[in-house]
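The structure is shown first.

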Amino acid sequence: MPEWDHAAVALAVKQLRLVSDPQRIRQGQGTRIGNGVGSSLEFHDYRSYVAGDDLRMVDWGVYARSDQLVLRRHRQEVSPRVEIFVDHSLSMGITDEKIMLTVSTAALLAELASVDGSRPQIWLCGEQARPCHSQHWADDLRALSCQGGHGLLADVRDLHPGSERFIISDGLYNEPAAHIIRRLGSGAGCISMVHILSAEEQSPTVSGHIHAIDPEGGERDLMIDQASVDAYLTRLHRLQASWQSVLQGRGAGLIHCTVEDGFDGMRQTLLRSGVVTTNTTNSAGSAA
Amino acid sequence: MNFGNIFGLWALAIIPIIIGLHMFRRRYRAKKINALFLFGSDIHDQSSGRTRERLRMSKSLLAEIFAVLALTWFLSDPFWSSHQQAQHVILILDTHQRLQATDDSGPTIEHLRTQALALSDQLSDHDRMTIIASGRIPQLLTGSAVPVSEARLAIERWQAKQAYHSYHNTWRMAADLGKASAHAHIVFISDHRAQDIPKKWQQISSGQQLSNSGLIDARWLSDKRGQRIFVRLLRSSDTSARSLQLFNTDAGNTQNPENINNTLIAQQAIPQKDGFHNFVFPLPNSVTSQRISVRIRGTDALASDDSSSLQKNNPRMVTVYVDPQIPDADLIKRGLESTEEVILSDTLTTAQLCILADPTQHTIPASCWQVVFRPGTGNSVIGPFLTRSGHPLLQDIDCTGTLWSGTLNNTNTVDTGTTAIARNTQQHNLLLAGSQILISEQKILNRIQITMHIDLTSSSLLQHPAWPSLCANLIDWRQSFLPGLTHRNLILQQQNRLIIPSNADAVLITGPTGEKNTYYADADKSILIPGQYQDGLYTIDLQKNAQTYSRHWQRFEVTSLHTQTTDLSQCTSSNNSSRLSFTGPSGSVQRIRSRSEHMIPLLLALAAALSAWFLYTREQGVHR
């Protein structure tokens, strides 16, 4: 298993932070104080008033003393658990880059959760599902190898209720997505899926006659022409739509990543999806 | 190298076919593709036709070629030599009935069987044996040079039921078989020690000299003095008090034992001294039985020679008509009456033989033979005369001193005195005196006409002693063509002749064990019944068009009586089987394809074929 780019992950951890579940933020749920700005009673920092800010957050005392309008910000309350399901079935290992991006994504999410005060739990889903050691998940990720065909179909137990869950997989299962999400998302605070596919998987090239070998079982002689590619794309989009529909409203939904875009592309995709956001803590601290 | 079946090599023609299939086998570039299911099941290779590709030595190809080679080996049966070196032992088993003699230790044949089996134990699995059963017609109980295991089964089946026979035919067969494989060992197993056995042969004689009394001959005689049963028996070392009994065992028209009437007719004590003893039992007129059994009362070593049954010899009577117009007809009748099987009839309609002066004056039945006295114009002659050799009419006839007048000159012309000579007649001259014909024979359809060219008034034939003999021969000859059996009491393997009525075409003969055989008659309604191998009562049913219409028409009895069967004093015991050895140079016996030579290539071919199929499916990627 090739080693992922620790430096890139560490840099990304400094620049990003995990976005908490917006619903829990509004309802003031959470049993711990997060590092972000929230609605707990704990003072976080001041920020200059800009037009449109909530006037209830204005610190009138400061205004009386200084004639400056500033906002009083409080620290957030966050969920204590992040559970990450890493699919390391044989299909994920079709190329080294694909499994390396998968592991890098898992490492990034786990680091962000740790920094956020959440306790990350990584589940390795290959031939069977097993949890990583809570403190030494990095060693487990380093020793990871692609095996088995069960992946997300493996039996997972003792999931933490209310946790924030991320699935990192290519989603290429013949099983209905609803069955998978029903099992993995049962009792979750929110659940999202990072859908990692290679460019070839997203759009196969016309190859003519080939002897196709599926790493997870099955071989066939195929004629890859434009017609068969079109049929493949139709089915793929239908599959992705099924994932999307079952994840709708339960989190960030289906987050598409392309292996060839690399770690940076995946980071940008996570930012766009709203799973993570840029970390502005240091820059805003000087305003107080 | 030789081949048991050279045509099996045609299987090699499969190899180029297999190679061709593999060369045109469809192969594509392998490519890893995730989620093959997204391509659906309807997307498959649509290309038509195949192209020749480089032959790849795949495992399935090698397995298939190996399977073909193994199959070729099985079918063609290759071998280096058509002969193998092995010990070949030829066993001659005595089958005389006397081997059934039993004492406290059991029957003699069982002792001999044990020794024969022990002899076969000395041989190894690849050695061969040939088993011959002695007999008038010797029998091979196994094929020539068979494996020992097969020979042992034949020894187990060995039975001693044959009547007396000489060993020479058997020994000749063994010698011929022994010549085929050099260094064959020939062993003769019997209860007698044969003195004239070839020197190089070996013997096992394990007989038992037991005391025994047994019947050696029994006959049913019937003549003008009445009916008598003649019995001859032999006592050897048996001095026990025993008696000879006669029983009426006539079962009527059935063979059902329950219907047998076992009535004692007569009994006589047997003298208590060794040797032959003869008995004659007159049968009273009240005894009308058709079947009588003779038994020696008491037990001894051999029970099979203590009883025998006899069928009454009902002679076939010949009805004779003598034309009163013949001169000295009375003398002719007197001569005929001297023969017991003659019935003189006053009418021609029921006659089976007619003696006439002029056949044209009578209406002769179709099956009636004729004896015509027709004097010729030849010279008178005095016997002896030249007779046709072997003719039944003239057997043992001595006409020395007979004055014969009225002979016929032998001019090779047919006597014109007769009318309407049939086209299929054959005339033979039976008795000649130079160029004079004395007696001639003509076959007219199914009947025979004897023409006596004699003037009885000036000849002395009727007064000559040859005349009664001539009459007896005539009656005997005619009798032999009447429906019925020649013999009613036979010994084992003795043939019998049967004439069936004109309205029958076959007979069904049922043996004492219920075995049935059908025999078909030839053109003159004659059937030669072959010798039987089982003693007892046989019944004959008449058949027409395969349908039985007369049950138990005739019966005959088969016995196995013989001096050699009864006399056990010549049995010798020289149990030398342990000294027999079959080492030394092996003989050359014809190769037999062993079971392993059959099975090994066949199993290899099957295993290789299964492996090839398995490997091929794996290579083709059949999704399980």
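In this predicted model, the side chain of B:D94 makes a polar contact with the side chain of B:S134 at 3.5 Å. A polar contact is a pair of N or O atoms within 3.5 Å; within protein, one must be able to donate a hydrogen and the other to accept it, and residues adjacent in sequence count only if both atoms are side-chain atoms. The side chain of B:D94 also makes a polar contact with the side chain of B:R98. Both contacts are listed here.

| Side chain | Partner side chain | Distance |
|---|---|---|
| B:D94 | B:S134 | 3.5 Å |
| B:D94 | B:R98 | 3.4 Å |

Residues are numbered from 1 along each chain as its sequence is written, and chains are lettered from A and ligands numbered from 1 in the order in which they are written. Local features need pLDDT of at least 70, side-chain atom pairs count only at pLDDT 80 or more, and totals for chains, interfaces and linings use all residues, while side-chain values use heavy atoms, with hydrogens and water left out.

B:D94 is found in the loop between strand 5 (88–93) and strand 6 (102–103) of chain B. Helices (H or I, at least four residues) and strands (E, at least two) are DSSP runs, numbered from the N terminus. B:D94 counts as buried because its relative accessibility is 0%; buried means under 20% relative accessible area, exposed over 50% and partly exposed in between (1.4 Å probe, protein chains only). Leaving aside residues up to four places away in sequence, B:D94 touches residues including B:S134, B:W158, B:H165 and B:D191, where contact means heavy atoms within 4.5 Å.

B:T170 lies in helix 5 (residues 168–180) of chain B and is buried, with a relative accessible area of 0%.

The next part concerns the interface. Chain A and chain B bury about 2600 Å² between them, 62% of it on carbon and sulfur atoms. Buried area is the accessible area (1.4 Å probe) that two parts lose on being put together, summed over both. A:H209, A:R220 and A:R235 supply 21% of the area that chain A buries against chain B, more than any other three residues. The contact takes 32 residues from chain A and 22 residues from chain B.

Across this interface the rule finds 1 salt bridge, formed by B:K31 and A:E200 with their closest N and O atoms 3.3 Å apart. A salt bridge is a side-chain nitrogen of Lys or Arg within 4 Å of a carboxyl oxygen of Asp or Glu. There are also 10 residue pairs in polar contact across the interface, both residues at pLDDT 80 or more. On the side of chain A that touches chain B, helix 7 (199–202), strand 9 (208–213), strand 10 (219–224) and helix 8 (226–247) each give two or more residues. Strand 10 of chain A gives the most, with 6 residues.

Strand 9 of chain A is joined by 4 bridges to strand 2 (residues 29–32) of chain B, and the two run parallel. B:K31 is the bridge partner of A:A212 in strand 2 of chain B. Two strands pair if DSSP finds at least two bridges between them.

Elsewhere in chain B, 3 strands form an open sheet in the order 31-33-36, with antiparallel pairing. Strand 31 (484–485) and strand 36 (526–529) of chain B stand at the edges, each with a single partner strand, so one side of each is left without a neighbour in the sheet.
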